[in-house]
Amino acid sequence: MDALVRLLQLLLLFLTLPLHLMALLGCWQPLCKSYFPYLMAALTASTNRRMESKKRELFSHIKGLMGTSGRVALLELGSGTGANFQFYPPGCRITCLDPNPHFEKFLSKSMAKNRHLQYERFVVAPGEDMKQLADGSMDVVVCTLVLCSVQSPKRVLQEVRRVLRPGGVLLFWEHVAERRGSWAFTWQRAVEPTWKHIGDGCCLTRETWKDLENAQFSEVQMERQPPPFKWLPVGPHIMGKAVK
Ligand SMILES: C[S@@+](CC[C@H](N)C(=O)[O-])C[C@H]1O[C@@H](n2cnc3c(N)ncnc32)[C@H](O)[C@@H]1O
C-alpha cells in the first residue's frame with residue numbers, strides 16, 4: 001500500500017509541478033491566502049444548504065447556555081466567511097478569530113446579513129495562540145472545518161479549554177480520515193500533499209476524534225456523518241460537542 005501511495009503522490013506531483021515549485025519557492029502561500037476566501041465564499045452556500053438541518057441541530061445547544069441574561073459569549077474559531085452566523089440565535093455576542101486577514105471582507109458581508117447578532121471584534125491570530133482572549137471568557141466556542149488546517153489540533157484544543165468558562169461548550173464539525181486500510185484512505189494519503197497546497201494547509205488524514213477525546217474535556221459527544229460532497233477526497237465528518 002505504501003508503494004502505491006508513493007507512486008500516486010509522485011504522479012500527482014508531476015501533474016501539478018508548477019504548484020509544488022511555487023510552494024517550494026515561497027510564492028504559493030501568499031497567493032493561496034488571497035484566493036482561499038473566494039473559494040470558501042463560493043462553497044459556503046451549497047455546504048450550508050446540504051448541512052442545514054444538521055447545523056441547526058448542532059447550534060440549538062447555544063440557547064441552553066444563555067441563562068437568565070439571554071446572552072452568550074461565542075468565539076467563532078477559524079471564522080472564515082462567517083458561514084455559521086445564520087444559524088445562531090439572537091443574544092450571541094460574537095468574537096471572530098482567524099489567522100488569514102483576507103477573510104475580513106467576507107466576514108463583514110455575513111455580519112451585515114445577520115443583524116440579529118452582536119459582533120465584538122475580529123482577532124487575526126492562530127487558534128494555537130489566542131492570548132488576546134482572556135481565560136474563561138467564552139460560553140461557547142464554534143469550530144467548523146478548522147482542525148484539519150491548523151498546525152497543531154492539540155494546542156488549539158488546549159487554548160479552547162482555556163478560553164471557555166467552566167461548563168462552557170465547544171461545538172464542532174470537522175472532516176476526518178477514512179478508515180485505515182481502506183482504498184478511500186489510500187487515496188486520501190496520495191492526494192494529501194497536493195491538496196494541502198490547494199486547500200490552504202487542509203489535511204485529509206487527521207484522526208481528529210482522537211484529539212477531541214484526549215483534550216481533557218469533561219464530556220465529549222459526537223456522531224459520524226458521510227461526506228457532504230462525494231466528488232471531493234474529503235472524508236467522513238464528525239459533529240458534536242465537548243463540555244469543559
Ligand atoms: C475550511 S475554512 C472553514 C471556515 C469556516 N469555519 C467554515 O465553516 O466555513 C478553514 C478556516 O480555518 C482557518 N485557519 C487556518 N489555520 C488556522 C489556525 N491555526 N487557527 C485558526 N484558524 C485557522 C482558515 O483561515 C479558514 O478560515
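Strands β6 and β7 (residues 237–243) run antiparallel and are joined by 7 bridges; strands pair if DSSP finds at least two bridges between them. The model is predicted: local features need pLDDT of at least 70, side-chain atom pairs count only at pLDDT 80 or more, and totals for chains, interfaces and linings use all residues. Residues are numbered from 1 along each chain as its sequence is written.

- Strands (E, at least two residues) and helices (H or I, at least four) are DSSP runs, numbered from the N terminus.
- Met-222 has Gly-240 of β7 as its bridge partner.

**Nonpolar cores**
- A nonpolar core is a set of buried Ala, Val, Leu, Ile, Met, Phe, Trp, Tyr and Cys residues joined through C-beta atoms within 7 Å.
- The largest core has 40 residues, and Leu-74, Val-140, Val-141 and Leu-170 have the most contacts inside it.
- Elements giving two or more residues to this core include α3 (28–59), β1 (72–77) and β5 (164–175).
- β5 supplies the largest share of this core, 6 residues.
- Another core, of 6 residues, lies apart from it and includes Val-176 and Leu-204.

**Ligand shell**
- The ligand is surrounded by 19 residues, with Gly-78, Gly-80, Ala-83, Pro-126 and Gly-127 the closest; a residue is near a molecule if its C-beta atom, placed from the backbone, lies within 6 Å of it.

Conventions:
Buried ≥ 20, exposed ≤ 12 C-beta atoms within 10 Å, placed from the backbone.
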